[in-house]
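Subject: Structure handover

Hi,

Here is the structure I promised you. Please open it and keep it beside this email as you read.

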Amino acid sequence: MDADEVEIRPVISGGQPRGKGGGPAKCKRCREPAKVEVARANAAFCADCFLRYVRNQVTKAIDEHSMFAEADRLLVCVSGGKDSLALWDMLMEMGYDTTGFHIVLWTGEEYAAESRDMCERFAQARGAKLVVRDLKADEGFTVEQIAREGRRVPCSVCGLTKRYLTNLAASQGGYDVLVTGHNLDDEAATLLGNALHWQTEYIARQMPALPSTHAKLVKKVKPLYRVSERETAAYSIIRGIDYIVEECPLVAGNTQLRYKDALNSLERLSPGTKQQFLFGYLDKAAPLFAGSDPVTLRECNECGQPTTGETCAYCRAKKQLRAKARPPVEFTEVAP
Ligand code: AMP
Ligand code: ZN
């Protein structure tokens, strides 16, 4: 768990942010005692005003990037974690037409069961529609298996699987927009990783809203890109959302986590660094990268889903797995 995440709990559950003179801080908006400090905004809020602050950030993201309209059908990808469940909660509160979508990826037995359980309980409590796909039951393999057999990094296999199955579900289900819970920390860490390696084509694609560029590629949006991980945790706790706190068991040593740690160190010394880095990129640098990813999409010759090559990466990974699973050819001796 992130150090920032641990810190939020005492603040929410009774500890109080301190004001400038050392006394209890007051809510920036209503002057009631503050419960949550948002250092990057140089502000502290009471619980109600904090929820309002987070919702305003999400509304701003939706409006500024024309993410979706009231009439759109949204497929909200939920992992069972704080970010995506908080986002689904907010979008429902705002009156959008949402359906949750969860993939049981099997990156660990207990982790898979608990993640699914969190999503199902959340949906049930709100009478919301949730679609669940189980990789093992539906496809006959797990992320762990593909990573092991193909000697691939589990997080990249997992990312590929999620991108493929979420788009497929949205496209086949006739949804207008695919929504994910990527937050400010996720986006800043991805940008740092891409900039460190100067992966210009990835940098160009790292926008809060990606339009559909093929009939089978659904528009993708990230309405939480203005909200930090610490803030989605606080939002979930205040709203009474139960979420899976554990990290995925395969994530240990993940480079993205290292970039998050590095950014958190900078953020502690100088609050606002993460948002300056990400928002600065979006405002000033993103236009310079636009067009450095001139891909032409065609349909995969195996599954018909959009891809840049002949066979999509998902079908290639599955093929590799099938080849490994095939029993060795047996030679029977034939008498002369
Ligand atoms: P992650 O890749 O775990 O950082 O998650 C990024 C976003 O992908 C989450 O906020 C969710 O919107 C989505 N997501 C992650 N895991 C799942 C899952 N098992 N099923 C559906 N969506 C997911
Ligand atoms: Zn394919």
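Which residue with a positive phi follows H12? That residue is Gly291, and its phi is near 95°. Keep in mind that this is a predicted model.

Now look at helix H12 itself. The helix covers residues 273-289 and bends by about 50° at Leu282. Three of its residues, Lys274, Leu278 and Tyr281, are buried. An α-helix has 3.6 residues a turn, so residues three or four places apart point the same way.

Next, ligand 1. Its shell holds 14 residues, and Cys77, Ser79, Ser84, Thr180 and Gly181 come nearest. By type, the shell divides into 5 nonpolar, 6 polar and 3 charged residues. Helix H3 (82-93) and strand E4 (97-104) each supply at least two residues. E4 gives the most, with 3.

Last, the whole chain. You will find 13 helices and 10 strands in it. A compact globule of 336 residues would have a radius of gyration near 20 Å, and the chain has 22 Å, so the two agree. The C-alpha atoms fill a box of roughly 100 × 45 × 40 Å along the principal axes. Of the 336 residues, 36% count as buried. Take the contacts between residues at least 6 apart in sequence: 66% of these join residues at least 24 apart.

Best wishes

Terms used:
Residues are numbered from 1 along each chain as its sequence is written. Chains are lettered from A and ligands numbered from 1 in the order in which they are written. This is a predicted model: local features need pLDDT of at least 70, side-chain atom pairs count only at pLDDT 80 or more; totals for chains, interfaces and linings use all residues. A residue is near a molecule or strand if its C-beta atom, placed from the backbone, lies within 6 Å of it. Helices (H or I, at least four residues) and strands (E, at least two) are DSSP runs, numbered from the N terminus. Ala, Val, Leu, Ile, Met, Phe, Trp, Tyr, Cys and Pro count as nonpolar, Asp, Glu, Lys and Arg as charged, and the others, Gly among them, as polar. The bend at a residue is the angle between axes fitted to the seven residues ending there and the seven starting there. A residue is buried if 20 or more other C-beta atoms lie within 10 Å of its own, exposed if 12 or fewer, and partly exposed in between; C-beta atoms are placed from the backbone. The radius of gyration is taken over C-alpha atoms; the globule rule is 2.2 Å times the number of residues to the power 0.38. Two residues are in contact if their C-beta atoms, placed from the backbone, lie within 7 Å.
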